[in-house]
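Welcome, and thanks for taking a look at this model with us. Here is a short briefing to read alongside the sequence and the coordinates.

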Amino acid sequence: MFAWEKGQLNLEQELAITETESVLLIACPGSGKTRTLTYKIAYELSKIKSSKNYIIAITYTNNAADEIKERVELLGVDTSQLWIGTIHSFCLEWILRPYHQHLDELKNGFRVINSHEAEVIFNELCEPYKNQKITYWDCGILAKPDGYYLTCLDKSKQQSLNKIVNNYFNVLKLSRQIDFEQILFYAYQILIKQPIVCTILSKLFPFVLIDEYQDTKEIQYHIISKILSANDGKSKTVIVGDPNQSIYDSLGGYPMKKNELEMLLGFSLKEMGLTKNYRSSEKITNYFDFYKTHPNMISPEGIYRGYPSVITFNNSISREKLTDEIVKLIKYNVVDKGISPNEICIVAPQWVHLASMTRSLMIKLPQYSFNGPGMTPFSRDIDNFWFKVSRIILTEPSPFMYIRRLRWSREVLYELELVGVNLPEITNKTFLKLCNSIELDEEDGLKYLELFFTKIFKVLSIDISTYPTLLEHYNSFFSSSRSRIDRLKKEGNSFVEHIDNFRKIFKQRDGITVSTIHGVKGEEYDTVIGFALLENYIPHFNDPNGKINSKKLLYVLSSRARKNLHLICETGRNVHSYYRPYGLSPTPHLLEYKYEYDKL
Ligand SMILES: Nc1ncnc2c1ncn2[C@@H]1O[C@H](COP(=O)(O)OP(=O)(O)OP(=O)(O)O)[C@@H](O)[C@H]1O
């Protein structure tokens, strides 16, 4: 049985790990959820009785899956019976690929399109609706157990949108393609039409862990419950998350109530909690407590508990002086407070505010490097074969990255095997060695990758044009990257094409981070600087649950900080001479909170 040394876990964490019944684990920010999940997975792996069983862990992002998997490996546990990934990967790997023939819509094969490809189709279909101002951005679709729903709240557009979405589905059907929402929808259809699939899967999985349940969609709860409920409660689960940090309401994510979950699962859940915050100072924990929307216990216990935090609020700075104000705060934190630039994060509610801010800061602070948004030359399209190869090509062969790159190599070889490429001589180690041995003198990132791909596949004697899946993925990878780069260049990011910028995507945190609130979910920094904290952005102007969602966003933003927190509501954004002469007002919850902020 997997065991740990005394002091590595607190009592709450230990109880959650050793509990033999199914658990709903409510974890406050910074409570060591990742550590607890890592040990829980290792513990469950060590309890496995049959070589046919798998421990399943569903994470919100592929990055989280990578991080948890590596941490389990570092604990020295054999992970060959661990499957970890997002719900989309889970549905593809365990339901759609093995059982697609049970569904008329998929029985002749299918290909998953990425968001860029979906955008291209929608852009064309929206053309005739230009005068109604309907664009791709209105075409959000949410899969629910009983069908697809539009996410656009503007009722006047809905009739046209229904037509567009119908046409979109027809285009996909004709080309035997499916998108991300359809992955979930069809997976669920297979489970309800073929209960035997649920039975088979439930017998394979003695334990299923669901992370970030507060951002889980209704159909995802149904998919997991259908499987778990098929084993008369013998398959156990831990469902973990924090209802206070549920910020994906607009995408259909919500923390399902315990009794509803139990109804779906057909068995009861023991409610447990992680209440000790190891991240922030007492001052910061007390500050963000105001924004909670669900009652919870939280007690600061970490090494920064007594840190003399500085919390500031500025609602008088003008938009013109905003960059200078942020420069001042960065210098204050680095020079006066001794905080490393890597530990500073600048956050705003929307991407649009961040791209220009990153550029201005890069000019004013050339001595620091910035990890800004909108600089990524290709999307993290984790299901694309060439994206998987790129991860290996664009990362350095360092001891620190070895385990990760070896796993990526294994994934690449597995994908090749799936499409019918036979490489009996090549192991993950030899594939990695081969990638490490190739040297190219090319500065343009896309050309570099093209040349690299050609070289590797020449050495392996693989003609990709004879493998339709590889070719489709190749075209999709390059066309979506090209259009992304063109857009970024038009916006003024001239460095975006350079190979060094491509390499940055997979680098560990390096420099000051600039991100949205949604983007910093799960992360932690010594100092957090938030700006554009204004009505219409927090909450979003068309959010029907705006009041509560605004609190949740402020909760997530403030709870990322270990030491210092700076909140800015600049004046002069979206000025309207009659009804908004000073621009948008600060987010109402910030004004409501009568906190005694520090003065700098
Ligand atoms: N038992 C423990 N003793 C001391 N430190 C701990 C313990 N467990 C976790 N930590 C530390 O607490 C910090 C926060 O942990 P983690 O990032 O896992 O939080 P989290 O619960 O996922 O937070 P959030 O939900 O806000 O993203 C980490 O630096 C971690 O090393």
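## Helix H15 and its surroundings

Helix H15 covers residues 402-418, and its 17 residues reach 24 Å from the first C-alpha to the last, close to the 24 Å expected at 1.5 Å a residue. Please keep in mind that this is a predicted model. With that said, here is a tour by topic.

- The buried residues of H15 are Arg405, Trp408, Ser409, Val412 and Leu416.
- Viewed down the helix axis, the buried residues of H15 fall within an arc of 105°, so they line one face of the helix.
- A handy reminder here is that an α-helix has 3.6 residues a turn, so residues three or four places apart point the same way.
- On the face of H15 turned away from the buried side you will find the exposed residues Tyr414, Glu417 and Leu418.
- Helix H14 (385-393) and helix H16 (428-437) are among the elements that cover the buried residues of H15.
- After H15 comes Gly420, which has a positive phi, near 100°.

**The overall fold**

- The protein contains 21 helices and 18 strands.
- Its radius of gyration is 25 Å, close to the 25 Å that the globule rule gives for 600 residues, so the protein is as compact as a globular protein of that length.
- The C-alpha trace spans about 65 × 55 × 55 Å along the principal axes of the protein.
- Of the 600 residues in the protein, 39% are buried.
- Contacts in the protein between residues at least 6 apart in sequence join residues at least 24 apart in 76% of cases.

**Around the ligand**

- The ligand is surrounded by 17 residues, and the closest are Pro29, Gly32, Lys33, Thr34 and Tyr278.
- Which helix gives the most to the shell around the ligand? That is helix H2 (residues 33-47), with 3 residues.
- Sorted by class, the shell around the ligand holds 8 polar, 5 charged and 4 nonpolar residues.

**Backbone points worth a look**

- As background, most residues other than glycine have a negative phi, and most peptide bonds are trans.
- Ile538 and Pro539 are joined by a cis peptide bond, with omega about -5°.
- Pro539 sits in the loop between strand E17 (525-530) and helix H20 (546-559).
- Ser461 is not a glycine, yet its phi is positive, near 55°.
- Ser461 belongs to the loop between helix H17 (445-459) and helix H18 (468-490), and Ser461 counts as exposed because it has 8 C-beta neighbours inside 10 Å.
- Asn574, also not a glycine, has a positive phi of about 55°.
- The loop between strand E18 (561-568) and helix H21 (588-592) is where Asn574 lies.
- Is Asn574 buried or exposed? Asn574 is exposed, because 12 other C-beta atoms lie within 10 Å, and a residue counts as exposed at 12 or fewer.

**Leu471 in H18**

- Leu471 is part of helix H18.
- Leu471 counts as exposed because it has 12 C-beta neighbours inside 10 Å.
- Setting aside neighbours within four places in sequence, Leu471 is in contact with Ile464 and Ser465.
- Leu471 and Phe385 are 86 residues apart along the chain, and their C-alpha atoms are separated by 9.7 Å.

How values were computed: Residues numbered from 1 in each chain as written. Predicted model: local features only at pLDDT ≥ 70, side-chain atom pairs only at ≥ 80, totals over all residues. Near = placed C-beta within 6 Å. Helix = DSSP H or I, 4+ residues; strand = E, 2+ residues; numbered from the N terminus. Nonpolar A, V, L, I, M, F, W, Y, C, P; charged D, E, K, R; others polar. Rg over C-alpha atoms; globule rule 2.2 N^0.38 Å. Buried ≥ 20, exposed ≤ 12 C-beta atoms within 10 Å, placed from the backbone. Contact = placed C-beta atoms within 7 Å. Expected span 1.5 Å × (residues − 1). Arc of directions from axis to C-beta.
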